[in-house]
Amino acid sequence: MRPDIHLLVVGPGALGCLVVAALSRGMEGTGSRLSVLDHDRNRADLLNRQGICCELDGNRRRFPIPVTADPETAGPADVVILCVKSYDVLASLASCRPLLTEGTVLLFLQNGIAHLDCGDAAGEAAIAYGTTTEGATLLNPGHVRHAGHGATFLGFPSPADAHSTTLLHQTAAICSRGGLTTTMTDDILHRLWAKLFVNVGINALTAIHGCANGDLLTLPGIVERMRTAVAEAERVARAGGIVVTGDPYSATVEVCRKTADNISSMLQDVRRRRRTEIDAINGAIVREGRSLGLETPENLRLVEQIRAIEAGYAAPH
Ligand code: KPL
C-alpha cells in the first residue's frame with residue numbers, strides 16, 4: 001500500500017463536504033493528500049479561503065483543503081471521488097477528462113442509478129461506485145452538518161485490477177478512520193438498488209409534503225403511497241435481473257425511523273429552489289419499468305408532482 005495517495009473530491013455539496021471532512025480526519029498523520037474540484041469558480045475561491053466546515057453533535061471543525069475550479073491544477077489524482085448531483089455527472093466528467101487516466105480510480109457517489117449509464121465518459125479510469133446512508137445537511141456553501149450516522153459501501157461493478165482494488169481499499173480505510181464507516185463490497189449494484197428503494201420511498205414524498213423523513217410514517221395516507229412506490233421499484237428490479245434481498249419496504253420504514261429528523265436531500269433541494277434528482281430516482285424506475293414493459297403509476301405520479309414543484313420555482317414567491 002502506498003502511504004501517500006492523492007484523493008480528489010469533485011463537488012463540495014452536502015455529501016462532498018461530509019466526505020472531505022471524513023477523508024481529512026482519516027488521513028491525518030499520513031503522507032496522503034486531499035483536494036477539491038468545484039466547477040463554480042466563485043465558490044471554489046471562497047472555499048479555498050475559508051476552508052470546509054463540518055458540524056457534528058454541535059462541534060464545528062474547519063478543514064483548510066485546497067479548492068480549485070481548474071482540473072489541471074487539481075490533478076493528477078489516484079482516486080477521483082465524484083460527489084456532484086446525478087444530473088451534473090456528464091458535464092463534470094467532461095471537465096475532469098484530463099484526470100481520468102489509466103491507473104486512476106473514478107468513484108461515483110450519486111443517489112439513484114442514472115449514473116450507471118455514464119461509464120463511457122470515464123476515459124481510462126477504473127470505475128467504482130459507492131452508496132451511503134449518512135445524513136448530510138448543507139447549511140451554507142462549504143458548511144455541512146453531519147445529520148445522522150449511516151453506512152457507506154464501495155465496490156467495483158466488475159472485477160478490477162490489483163492496483164485499483166488497493167486504491168479503493170485505502171480510500172475506504174481512510175474514510176472509516178475519519179468517522180464514516182465504509183465497507184468494501186463485491187455486490188455494489190445490489191447495494192445501489194437497495195439505497196434506491198429507500199430514496200424512491202422517501203425523497204419525493206418528503207419534498208411534496210415538506211416534512212422530515214420520520215413524519216412520513218405519521219401523516220395520513222402517505223405510508224400507502226410509500227409502500228406502492230417501493231413495491232413498483234422492487235418489481236422493476238426483479239424483472240431487470242437484480243437480486244432483491246430482504247423487504248425493501250420494511251427497510252425504507254426503518255430508514256424513516258432512524259433518520260426521523262433528517263431533511264431529505266430532495267426536500268433540501270426544493271427548499272433552495274434547486275433542481276432535484278427526481279429523474280435519477282423515481283424517474284429511473286419509470287424509465288427502467290417501461291423498457292421492461294412494466295407500468296409504474298405511483299412513481300410516475302411522484303415524478304409529475306416534483307416536476308410541478310420545480311416548474312413553480314420560476315414563479316414569484
Ligand atoms: O439518502 C437520503 C436522502 O435524503 O437523499 C435518505 C436516506 C432518504 C436520508 O435522508
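**Stop one: serine 86**

Pick serine 86 and show what surrounds it: leaving aside neighbours within four places in sequence, serine 86 is in contact with Gln110, Asn111, Glu277 and Ala280. Bear in mind as you click around that this is a predicted model.

Now colour by secondary structure. Serine 86 sits in the loop that runs between strand E6 (79–82) and helix H4 (89–96). Is serine 86 buried or exposed? Its relative accessibility is 12%, so serine 86 counts as buried, the cut-off being under 20%.

**Stop two: the ligand**

Start with asparagine 203, where a polar side-chain atom lies 3.1 Å from an oxygen atom of the ligand. Move to asparagine 262: a polar atom of its side chain is 2.8 Å from a ligand oxygen. Then go to serine 265, whose side chain has an N or O atom 2.5 Å from an oxygen atom of the ligand. How much of the ligand does the protein bury? Taken alone, the ligand exposes 280 Å², and the protein buries 94% of that.

**Stop three: residues 187–310**

Finally, select residues 187–310. An unreviewed UniProt entry places the feature "domain: Ketopantoate reductase C-terminal" here. In the model, this span is 66% helix and 0% strand, and its end C-alpha atoms lie 34 Å apart.

Technical notes
Residues numbered from 1 in each chain as written. Predicted model: local features only at pLDDT ≥ 70, side-chain atom pairs only at ≥ 80, totals over all residues. Heavy atoms only, no water. UniProt positions renumbered as here; feature names shortened; annotations may be inferred. Helix = DSSP H or I, 4+ residues; strand = E, 2+ residues; numbered from the N terminus. Buried < 20%, exposed > 50% of the residue type's maximum accessible area, 1.4 Å probe, protein only. Contact = heavy atoms within 4.5 Å. Polar contact = N/O pair within 3.5 Å; in protein donor to acceptor, adjacent residues only side chain to side chain. Areas by Shrake-Rupley, 256 points an atom, 1.4 Å probe, with all protein chains shown as cover.
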